[in-house]
Amino acid sequence: MPSVIYHVRFRCADDYMARRLPHRPAHLRQLDTLRGEGRVVAGGPEPDGAYANIFYRVANRAELKRLLADNEFTRAGLFADSLARAFVDFLEPVEWLPLDAGLKVTIVEGPVDDRARARAGLAELQRDCRIVFGGFFDDGAGLAIVRLVDPGESIRVLAAAVGWTAGRLVARAWSHTL
């Protein structure tokens with residue numbers, strides 16, 4: 001069955017940091033189960049607690065909608081809103097992190113000038129262990145999980161890969177939890 005990878009960026013409730021801990025074990029178990037089923041690629045919060053990111057693998061948008069509604073943090077009111085974008089081209093992770101790994105990385109995203117060259121650059125960065133995974137959306141933008149903590153250095157790494165619109169890349173810290 002064909003599948004689509006979605007990047008979902010959740011806006012967390014204002015009191016997320018104060019209320020999340022009692023719900024966290026069930027949330028991690030749920031995501032780990034979905035990962036075992038092949039329906040979650042990765043997930044984790046942004047360090048300031050304002051946003052979280054989960055990368056889902058689903059058959060269609062209807063399945064994604066069901067998973068989002070059933071998410072433990074959504075049901076607890078910890079996720080206030082979300083934005084889902086489908087990848088049209090995705091480089092899978094070559095390794096899977098243990099549950100609750102908390103790998104400090106940077107999400108870099110922005111426009112792509114030449115998707116074929118940008119994809120080749122991502123593949124090379126992945127072979128060199130400089131990115132975890134990444135891909136491209138149908139709106140001409142791309143996203144990569146860079147194995148660095150420093151946002152500026154992460155942007156420089158991706159911009160040097162060729163094919164990206166270097167001056168328009170943005171970066172934010174992320175805790176790659178699973």
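**Aromatic pairs, cores and a helix face**

Author: F137 has a relative accessibility of 3% and therefore counts as buried. Please bear in mind that this is a predicted model.

Reader: How is F87 classed, buried or exposed?

Author: The cut-off for burial is under 20% relative accessible area. F87, at 7% relative accessibility, is therefore buried.

Reader: How many aromatic pairs does the structure hold, and how are the rings of F87 and F137 arranged?

Author: There are 10 aromatic pairs in the structure. Planes under 30 degrees apart count as stacked. The ring planes of F87 and F137 are at 25°, with centres 4.4 Å apart, so this pair is stacked. It joins distant parts of the chain, since F87 belongs to strand β4 and F137 to strand β6 (residues 131-137), 50 residues apart. Both rings also belong to a cluster linked by ring pairs, together with F55, F90, F133 and W174.

Reader: Which charged residue sits over the ring of F137?

Author: The charged end of R85 does, 3.9 Å from the ring centre of F137. In another case, R9 lies over the face of Y51, 3.8 Å from the ring centre.

Reader: Which residues have the most contacts inside the largest nonpolar core?

Author: They are V8, F10, L31, V40, Y56, L64 and F79, in a core of 22 residues. At least two residues of this core come from each of β1 (4-12), α2 (24-36), β3 (51-58), α3 (61-70) and β4 (79-91). Another core, of 16 residues, lies apart from it and includes L91, A144, W164 and L169.

Reader: What does F79 touch beyond its neighbours within four places in sequence?

Author: F79 is in contact with F10, R11, C12, Y16, H27, A52, N71, F73 and T74.

Reader: Why do the buried residues of α6 line one face of the helix?

Author: An α-helix has 3.6 residues a turn, so residues three or four places apart point the same way. In α6 (residues 151-159), the buried residues are S154, V157 and L158. Viewed down the helix axis, the buried residues of α6 fall within an arc of 95°, so they line one face. Their cover includes β5, α5 and β7 (141-146).

Reader: Where does V112 lie?

Author: V112 is in the loop between β5 (103-111) and α5 (115-127). With a relative accessible area of 16%, V112 is buried.

Technical notes. Residues numbered from 1 in each chain as written. Predicted model: local features only at pLDDT ≥ 70, side-chain atom pairs only at ≥ 80, totals over all residues. Heavy atoms only, no water. Helix = DSSP H or I, 4+ residues; strand = E, 2+ residues; numbered from the N terminus. Buried < 20%, exposed > 50% of the residue type's maximum accessible area, 1.4 Å probe, protein only. Arc of directions from axis to C-beta. Contact = heavy atoms within 4.5 Å. Core = buried A, V, L, I, M, F, W, Y, C linked by side-chain atoms within 4.5 Å. Phe/Tyr/Trp six-rings, centres within 6.5 Å; stacked < 30°, edge-to-face > 60°. Lys NZ or Arg CZ within 6 Å of the ring centre and 35° of its normal.
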